[in-house]
Amino acid sequence: MKEFIKVLRRFVPPYKKYLQMNVVFNILSAIFNVFSFVLIMPILEILFKVDNKVYTYMEWTFDPASGEWFKTVGAALTNNFYWYINNLIETHGGSFALIAIGLGMIVIVLLKVLTMYLAFYTMIPIRTGVVRDIRNSINRKITELPLGFFSEERKGDIIARVSGDVNEIETSIMSSLDMLFKNPIMITIYLAAMLIISWQLTLFVLILLPVAGYVMGQVGKALKKKSLLGQSQWGALMSRIEETLSGLRVIKAFNAEKKIRQGFEAAGEEFRHTTNRIYRRQQLAHPASEFLGTATIVVILWYGGTLILGNNSPIDASTFIYYLVLFYSIINPAKDLSKATYAIQKGLASVERVDKILAAETNIKSPASPRPIAFGEAIQYNDVWFKYGSEWVLKGINLNVVKGKTIALVGQSGSGKSTLVDLLPRFYDVDKGSITVDGIDVREASLHELRELMGNVNQEAILFNDTFFNNIAFGVSSATPAEVEEAARIANAHDFILASEHGYQTNIGDRGCKLSGGQRQRISIARAILKNPPILILDEATSALDTESERLVQEALENLMRNRTIIVIAHRLSTIRNADEICVLHEGSIVERGRHADLLLANGYYKRLCEMQKF
C-alpha cells in the first residue's frame with residue numbers, strides 16, 4: 001500500500017479539489033445510509049409492538065464541557081424520536097405513521113444516492129486526468145531520452161508500456177480509486193455507529209476484520225509478482241509483432257512464416273498461462289471476503305443472541321437487529337475494498353514497468369546556463385574517445401571541419417563513421433575529449449540551438465504517416481506553402497507531388513510506404529532544404545537507388561550542398577571524389593586523410609577500399 005500512496009502523491013495533487021469533494025460526498029452518503037437503517041427500529045419496536053414502553057418528551061441541554069454530553073444528546077434524540085412516532089400512532093393511526101416513516105426513508109435514500117452519484121461524478125476527472133498525465137509524461141520522456149536508451153530497449157516493449165501498461169493502470173488502479181476512497185469511509189462510519197450501539201459486539205469485528213485483511217493482503221502480494229511477469233511477457237509479445245511488421249519482406253523471402261508463427265504462439269501460450277494464474281488469484285477475493293464476512297456474522301449472532309436470551313445484553317432485540325443490518329452493510333464495502341486491493345496490486349506491476357521509462361536518466365540535456373552558439377569558423381574534434389559498452393568505438397579522433405568545406409568519412413562497416421557524426425548534435429556525449437563549434441564545447445550550448453545549426457539526410461529516409469506538406473515542413477512550424485513548394489522544386493520533388501491525388505495534402509503512408517525509394521529521399525532532402533541549416537550531415541543518400549532515381553537525388557543533393565559545410569558518410573567512394581578532405585576510419589581511428597588523388601597515390605587503405613568497390 002505504500003507504493004500505492006506514492007503513486008497518488010505523484011499523480012493526484014493536480015486534482016486535489018476533486019478528491020476533497022469526493023471525500024465529502026462519500027462521508028455524506030455513508031451518514032445518510034446509516035440514518036436510513038435507523039428507521040428499521042421504530043418499525044419493529046412500535047408498529048409491530050415489540051416494545052410496549054411509554055415515551056414522554058425529554059428536555060435536553062447541550063453542554064460541551066460535560067464529559068457525558070454525547071450520551072445525553074443521543075438519549076434525548078432517540079427518546080424524543082420514539083415519542084413523536086407514538087404521537088403519530090395515537091393521533092393518526094399506525095398506517096399513517098408507517099407512511100410517514102416510509103417517506104422519511106425515501107428522502108434519506110434519495111439524499112444517499114444523490115451524494116453517492118456526486119462522489120462518483122467528482123472521481124471521473126481524477127481517473128481520466130491521471131491516465132492522460134501518465135501518457136503525456138511517458139511521451140515527453142521518450143522524446144527527452146538519449147538514443148542510447150532505445151538501443152538497449154525493445155521498441156515493442158516500450159509500445160507495450162505506453163499502451164498495455166497504462167491501460168492496466170487505468171483499469172486496475174484508477175478504476176479502484178472510487179472504491180478505495182468510498183469504502184474505508186463507509187466502513188469507518190458504520191463501525192462508529194456500531195461502537196455507539198455496543199462496544200462489546202464491535203470488539204469481535206475489530207478482532208476478526210484485521211485477521212481477514214491480513215489474509216487478503218498476503219494473496220495480493222503474490223498477485224503483484226505474477227502481474228509483473230505477465231506485463232513483461234505482454235511486452236515480449238508486442239516486440240514480436242513489431243519485429244514481424246518491420247521484417248515482413250525478409251520473413252516471406254526466406255519462407256520463415258512458420259518459424260515466426262511458432263515463436264509467437266509459444267510466447268502467447270506462456271502469457272496465457274501466466275494470465276490464467278493472475279485472474280484465478282484475483283477472483284479469489286470475492287469468495288474469500290464473503291466467507292470471512294459470513295463467519296464473522298455467525299460469531300456476532302451467536303454472541304449477541306446469547307446475551308439477549310440470557311437477559312444480559314446492553315441492547316434490546318430491535319437494536320441488535322439494527323446492529324446486524326449495519327454490520328451486514330460493511331460486508332459489501334469490505335468485498336469491494338478487497339477487490340480494489342487486488343486490482344491495485346496488479347496495477348502496481350504496470351506502474352513499476354512504466355517507471356522504468358519515467359525514471360530513466362536523461363544524461364544529455366541543455367546546461368542550466370547555456371552559452372550562445374553560432375557557426376562562423378570551424379567544427380573541431382579534439383582527441384575524442386567514445387564507447388557504447390566496454391569497447392572503444394572511437395579512439396583519439398582529431399578533426400577540423402572548416403566552414404564551407406566538405407569532409408567525407410569512409411571506412412568499413414563498424415569503423416565508427418556514424419558514431420562520429422552522431423556526437424556532433426549530441427545524440428551521444430563523448431567519453432573523453434571535446435567537440436567544439438567556433439571554440440564553444442557543444443556540451444555548453446543549448447541542445448535546441450546546437451541542433452538548429454544542422455540538417456540530416458540519412459541513407460534511409462525517415463518520413464511520417466502524414467501529408468507531403470507536413471513532412472517537408474517538419475520542424476519548421478512557420479513554413480508557408482510557397483516556401484514548402486520552393487524546397488520541393490529544388491529537391492526535384494514538386495512534379496511527382498503535384499501528380500499525386502491531393503497534391504501537397506496527399507498522405508504518404510506509414511514511413512512513406514506509398515512512395516518509391518527515390519521519392520522518399522527527395523522528400524527528405526526537401527525537408528533539409530526548407531530548414532536551411534549551415535551544417536549538413538549526409539549519410540550517403542543514393543547508395544540504395546536505381547540509376548534514374550540516383551541521378552535525380554544526386555542533383556537535389558548538389559542543390560542542397562551549395563554554400564554549406566558538409567560532413568558526408570560515404571559508402572560509394574565515387575560520390576566523394578571532389579571532397580575537400582577524405583578521412584579514412586579503421587577500428588575507431590583515422591588512419592588516412594587527404595584529397596582523393598593524394599590518397600590514391602599514397603597506396604594505402606583508401607586505395608584498397610576503392611579497388612574493392614571496382615571489383
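Which residues is Thr467 in contact with, leaving aside its neighbours within four places in sequence? In this predicted model, the partners of Thr467 under that condition are Tyr504, Gln505, Thr506 and Asn507.

**Thr467**
- Thr467 is found in the loop that runs between β6 (454-457) and α16 (468-472), and it counts as buried because its relative accessibility is 10%, where buried means under 20%.
- A polar atom of the Thr467 side chain lies 3.1 Å from the backbone nitrogen of Asn470.

**Ser415**
- Ser415 lies in the loop between β3 (406-410) and α14 (417-422), and with a relative accessibility of 4% this residue also counts as buried.
- The backbone oxygen of Gln412 is reached by the side chain of Ser415 at 2.8 Å.
- When residues up to four places away in sequence are not counted, Ser415 touches Val393 as well as Leu585, His586, Glu587 and Gly588.

**Nonpolar surface patch**
- Leu195, Trp199, Leu203, Leu206 and Ile207 form a nonpolar patch on the surface, and together these residues have about 500 Å² of accessible area.
- Leu203, one of the patch residues, lies in helix α9 and is partly exposed, because its relative accessible area of 43% falls between the 20% and 50% cut-offs.

Technical notes
Residues numbered from 1 in each chain as written. Predicted model: local features only at pLDDT ≥ 70, side-chain atom pairs only at ≥ 80, totals over all residues. Heavy atoms only, no water. Helix = DSSP H or I, 4+ residues; strand = E, 2+ residues; numbered from the N terminus. Buried < 20%, exposed > 50% of the residue type's maximum accessible area, 1.4 Å probe, protein only. Polar contact = N/O pair within 3.5 Å; in protein donor to acceptor, adjacent residues only side chain to side chain. Contact = heavy atoms within 4.5 Å. Patch = residues over 30% accessible without salt bridge, like charges linked within 9 Å, V, L, I, M, F, W, Y side chains within 5 Å. Areas by Shrake-Rupley, 256 points an atom, 1.4 Å probe, with all protein chains shown as cover. Salt bridge = Lys/Arg side-chain N within 4 Å of Asp/Glu carboxyl O.
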